Amino acid sequence: MFLHLPAFGQKKEDTRPVLDHLAEKGFTAIGMDAWQQGERGRESRDQLTTRVFGNFRRNMWPILGQTTLDVSRVIDWGLAEFNLTAPVFVSGLSLGGDIAVAAAGLDSRISFVVAVGSTPDWKRPGMHDVVDAAKLLASGEADLYAQFFYDQLNPLTHLHRYARGHG
């Protein structure tokens, strides 16, 4: 099974070309919306972008964290629905790649990750504004809720989760 995660502001339907390509290569390809996006969202893309990038840590870390936890539920569903077994491949672009990396640290069924334009560091130091690329983005402050997700799931601070008997 191959789970592909969309970039920030995308819907699972936007990843259809990737899913179709994976299916053509013989994979059972599944997409899902990130938390607060696509069918799981209640804001326009512009509203979501303004809110999240207005205080990145407070608003992005819960999206990263909740979606990371949800990946395992989608894997459970996909394996059962299509009568499959592990290994599971997970890929994603930007936000989706960040989530794919974090999910691999939690779910041992994920054996392969393809993360493009992503980072294992949820603090994203040196990130530039999405509108004005010359401007560094202020990262804001996390509240208790957002900090919980960072403390529990940020890949860079939980490297031990990725040591699965290799090397």
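The exercises below concern salt bridges in this predicted model.

**Exercise 1.** Determine how R16 and D20 are placed relative to each other in the chain, and whether each is buried, partly exposed or exposed.

*Solution.* Begin with the contact itself: R16 and D20 form a salt bridge in which the closest N and O atoms are 2.9 Å apart, and this falls under the required limit because the criterion is a distance within 4 Å. Next, locate the two residues, which both belong to helix α1 (residues 16-24) and, being 4 residues apart, are separated by about one helical turn. Finally, consider accessibility: R16 has a relative accessible area of 52% and is therefore exposed, the threshold being over 50%, whereas D20, with 33%, is partly exposed.

**Exercise 2.** Work out which parts of the structure are tied together by the salt bridge between R109 and D76.

*Solution.* First, note that the side chains of R109 and D76 meet with an N to O distance of 2.7 Å. R109 lies in the loop between α4 (95-106) and β4 (110-116), while D76 lies in helix α3 (residues 56-81), so the pair ties together parts that are 33 residues apart in sequence. As for accessibility, R109 is partly exposed at 22%, and D76 is likewise partly exposed, at 42%.

Methods
Residues numbered from 1 in each chain as written. Predicted model: local features only at pLDDT ≥ 70, side-chain atom pairs only at ≥ 80, totals over all residues. Heavy atoms only, no water. Buried < 20%, exposed > 50% of the residue type's maximum accessible area, 1.4 Å probe, protein only.
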